[in-house]
Amino acid sequence: DMNVEELRHKLRQGGTPERIDAAKDLAHLGALAVGAVPDLIAALEDENKTLRKNAIKTLGRIGPPAKAALPALEILRDKKIATSIVRRAIRNIRGF
């Protein structure tokens, strides 16, 4: 199993498939992946839609410790990007 730091490195430096895998692997860690929140926020602006969606889902799985992502997620919501996934992530992060 890769640790959070290794997954963060993959998320920042890997090719697109590796970055998507890293986001998915971080999702399985839930709140333990809190250290990756800045990298996941950065991934919200990636050109690859699959990576963006996985970053959104992972932030939602991290839950309240990912509250630093709320402003970026609210911008996506307001732009009507991946609306249902974004709304779910925001709810999970807010804890309701």
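The secondary structure of this protein, seen here in a predicted model, comprises 6 helices and 0 strands. Read from the N terminus, its elements follow the order α-α-α-α-α-α. The radius of gyration is 12 Å, close to the 12 Å given by the globule rule for 96 residues, so the protein is as compact as a globular protein of that length.

**Overall dimensions and interior**

- The C-alpha trace spans about 30 × 25 × 15 Å along the principal axes of the protein.
- Of the 96 residues in the protein, 40% are buried.
- Among contacts with a separation of 6 or more, 57% are made by residues 24 or more positions apart.

**Packing of helices α4 and α6**

- Two packed helices are described by the angle between their axes and by the distance between those axes.
- Helix α4 covers residues 49-62 and helix α6 covers residues 83-94.
- The angle at which α4 and α6 pack is about 25 degrees, and their axes lie 8 Å apart.
- Because angles under 35 degrees count as roughly parallel, α4 and α6 are roughly parallel to each other.
- The crossing in which α4 passes α6 is left-handed.

**Residues at the contact of α4 with α6**

- On the α4 side, the residues that meet α6 are K53, I56, K57, L59 and G60.
- On the α6 side, their counterparts are I85, V86, A89, N92 and I93.
- Sorted by class, the contact of α4 with α6 holds 6 nonpolar, 2 polar and 2 charged residues.

Technical notes
Residues are numbered from 1 along each chain as its sequence is written. This is a predicted model: local features need pLDDT of at least 70, side-chain atom pairs count only at pLDDT 80 or more; totals for chains, interfaces and linings use all residues. Side-chain values use heavy atoms; hydrogens and water are left out. Axes are lines fitted to C-alpha atoms, for helices over the stretch in contact, and angles run from 0 to 180 degrees between N-to-C directions. Helices (H or I, at least four residues) and strands (E, at least two) are DSSP runs, numbered from the N terminus. Angles under 35 degrees count as roughly parallel, over 145 as roughly antiparallel, 65 to 115 as roughly perpendicular and the rest as oblique. A crossing is left-handed if the near helix is turned anticlockwise from the far one by less than a right angle, and right-handed if clockwise. Contact means heavy atoms within 4.5 Å. Ala, Val, Leu, Ile, Met, Phe, Trp, Tyr, Cys and Pro count as nonpolar, Asp, Glu, Lys and Arg as charged, and the others, Gly among them, as polar. The radius of gyration is taken over C-alpha atoms; the globule rule is 2.2 Å times the number of residues to the power 0.38. Buried means under 20% relative accessible area, exposed over 50%, partly exposed in between (1.4 Å probe, protein chains only).
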